[in-house]
Amino acid sequence: MNTLHLTDTTEDIRTAADILSNGGLVAMPTETVYGLAADALNGSAVKRIFEAKGRPMDNPLIVHVARFEDISRLGLVSEIPEKALLLAERFWPGPLTIIMPKGKVIPDEVSAGLDTVAVRIPSHPVAQRLLRVSGLALAAPSANTSGKPSPTTAEHVADDMDGRIEAILDGGACGVGVESTVLTLADGTPRILRPGIITREQIEEVIGETLVDKAVLSQLESGEKVASPGMKYKHYAPEAEVILIRGDDDKYINYVNRAYRRGMSAAALCYDEDAASILAPCVTMGAMSDEESQAQELFDALRAVDELGVKTVYAHCPSTEGVGMALYNRMIRAAAFRVIDLPTKRIIGLTGQTGAGKSEVSRLLEKKGLPVVSADKAAREAVEDESVLRGLCEAFGDILLPDGSLDRRRTAEIAFSTPENTALLNSITHPVIKRLMLEEAESARGDTVVFDASQLFESGEDLICDLIIGVVADRETRIRRLLERDGLERSEIERRMSAQYSEEFFGTCCDDIIVNDGTAAELAAAVDELYERSVSR
Ligand code: TXA
Ligand code: MG
């Protein structure tokens, strides 16, 4: 099919109206996002919307009309609740959708078998003209391929819909940028099914108590009934894996920069103000204190993310207050509900090569009054965890002692026998070790905590550290220390060392290096100096 590209001239609007009257599909601008419109009372026209979008048939559509009178004139609803009148007066035309008991004329395709219908009066002048010239009620979901971010420009629509629909009406970039607030008045207390630029607080000013559906902010259990079918589908998702990072600005920037410096295929989805401090490629989504500009830019940013060609995108997590709720609702879905909470305390990572003397540095820092959280201790606790034990048995076979606890020697033998087994061990234990360390950090006294972890980088804990100290020593010195301390064969020591990160790696990824080639007194002096310089600030 050859898709017509129309503008907002009288002639073009007439053409679009004719297409709609004949059962065709037209993408139209609204103040929120572009909609993919069809005659709402023509079931077979509406069915084509689902085909063009690849949308599941059980997800109902919003019906758009030009004026409030059209709702009863066309018989769209069986009853107009009192609260709908109040809301209409205050917010229509505008970005609010109200769900009401449906009228008989509504085809099953529109309501997806529900006994309600969603209605909205858009304020965009082009949508208004198209509705008036055609004289129709228009069913219109967002004009994106199902699962992708909603389109906020005619170009976005063309990317998804060219060749699949009769026409695209270009009305420039949408002003609001996120879809309308969806509110149901069809059962009991009014309830927001999808947050938008019109906030819960604004709605409550008009009609009093208004609930927020559980699915708005959290993931439903599988099998849990969902009030708004649209909420259960994967949505807004770029190709890249998006992860929301919740924490203050400095910590967020630090997290992304560490991932980037470490060579991870990572990018940032951040506020305008963050961009200058971020080393990784980034896409911005508006000014930090201006949620309206964030709403306007969000979907464009989510589409732009894929042009960076990275594997992971770290997005700065918005608040859930006011308009933030609408942003969070979209972003948490784009992230498939993956969120990382950054610790509130200052975390100092301490790591180093085997035999370099990390443990001694750890003791010296502890003597200076800093709480030390030990990864070794957390690792010992982690293997007492039921799920970790089960995971290890599944991975490595029978590795339990008769009393049901872990046979540590046998586990180590198997797990360190090949790099694949080591990676498998880490993937089972590291998440739990990390959780235990974070819990201990939060309950420690003071606001600075040392993470003593030889596998700081392997576990990914480096990304949450505000400062990373690496302890290194010359290779022969380390081998000599290990020969004396652990009584291992030289060949075994060399094998273990070759599995560890190189000096260069520590050089690029640590913020501060302690070289421990000399005497105990020299080490203590180096720690004193480092403490004054970077730790005690
Ligand atoms: O801003 C908007 O609302 C845009 C523009 C084009 O108007 N439209 C839009 O439509 O976002 P759509 O289909 O992408 O999202 C409509 C949402 C879906 O989550 C759908 O499940 C829900 O509203 N919905 C529609 N009718 C419903 C009903 N009767 N009961 C519950 N949820 C309903
Ligand atoms: Mg949609």
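**Figure 1. Packing of helices α12 and α20 in the predicted model.** The axis of a helix is here a line fitted to C-alpha atoms over the stretch in contact, and the angle between two axes runs from 0 to 180 degrees between their N-to-C directions. In this predicted model, helix α12 spans residues 358–367 and helix α20 spans residues 520–535. The two pack at an angle of about 55°, and their axes are 10 Å apart. At that angle, α12 is therefore oblique to α20. The crossing of the pair is right-handed. On the α12 side, the contact involves Glu360, Val361, Leu364 and Leu365. These residues meet Leu523, Ala524, Val527 and Tyr531 of α20. Sorted by class, the contact between α12 and α20 comprises seven nonpolar residues, one charged residue and no polar residues.

**Figure 2. Packing of helices α4 and α8.** Helix α4 is formed by residues 82–91, and helix α8 by residues 200–207. Their axes lie 9 Å apart, and the packing angle is about 120°. Because angles of 65 to 115 degrees count as roughly perpendicular and those over 145 as roughly antiparallel, α4 is classed as oblique to α8. The crossing of α4 with α8 is right-handed. Helix α4 contributes Lys83, Leu86, Leu87, Arg90 and Phe91 to the contact, while α8 contributes Gln202, Ile203, Glu205, Val206 and Ile207. Six of the residues in the contact of α4 with α8 are nonpolar, one is polar and three are charged.

**Figure 3. The cis peptide bond at Pro93.** The view shows the peptide bond that leads from Trp92 to Pro93. This bond is cis, and its omega angle is near -5°. Pro93 is located in the loop between α4 and β5, a strand that covers residues 96–101.

**Figure 4. Packing of helices α10 and α11.** Helix α10 runs over residues 291–304, and helix α11 over residues 324–334. The helices pack at an angle of about 20°, with 10 Å between their axes. Angles under 35 degrees count as roughly parallel, and α10 and α11 are therefore roughly parallel to each other. Helix α10 passes α11 in a left-handed crossing. The residues of α10 that make the contact are Glu291, Gln294, Ala295, Leu298, Phe299 and Leu302. Their partners in α11 are Gly324, Leu327, Arg330, Met331 and Ala334. By class, the contact of α10 with α11 holds seven nonpolar, two polar and two charged residues.

**Figure 5. The backbone at Ala336.** Ala336 is found in the loop between α11 and β16, the latter being residues 339–341. The phi angle of Ala336 is near 50°. This is a positive value in a residue other than glycine.

**Figure 6. The surroundings of ligand 1.** Ligand 1 is surrounded by 25 residues, and the closest are Thr32, Asn59, His64, Ser180 and Gly230. In Arg55, a polar side-chain atom lies 2.9 Å from an oxygen atom of ligand 1. An N or O atom in the side chain of Arg120 is 3.0 Å from an oxygen atom of ligand 1. For Ser142, an N or O atom in the side chain is 3.0 Å from an oxygen atom of ligand 1.

Key
Residues are numbered from 1 along each chain as its sequence is written. Chains are lettered from A and ligands numbered from 1 in the order in which they are written. This is a predicted model: local features need pLDDT of at least 70, side-chain atom pairs count only at pLDDT 80 or more; totals for chains, interfaces and linings use all residues. Side-chain values use heavy atoms; hydrogens and water are left out. Helices (H or I, at least four residues) and strands (E, at least two) are DSSP runs, numbered from the N terminus. A crossing is left-handed if the near helix is turned anticlockwise from the far one by less than a right angle, and right-handed if clockwise. Contact means heavy atoms within 4.5 Å. Ala, Val, Leu, Ile, Met, Phe, Trp, Tyr, Cys and Pro count as nonpolar, Asp, Glu, Lys and Arg as charged, and the others, Gly among them, as polar. A residue is near a molecule or strand if one of its heavy atoms lies within 4 Å of it. A polar contact is a pair of N or O atoms within 3.5 Å; within protein, one must be able to donate a hydrogen and the other to accept it, and residues adjacent in sequence count only if both atoms are side-chain atoms.
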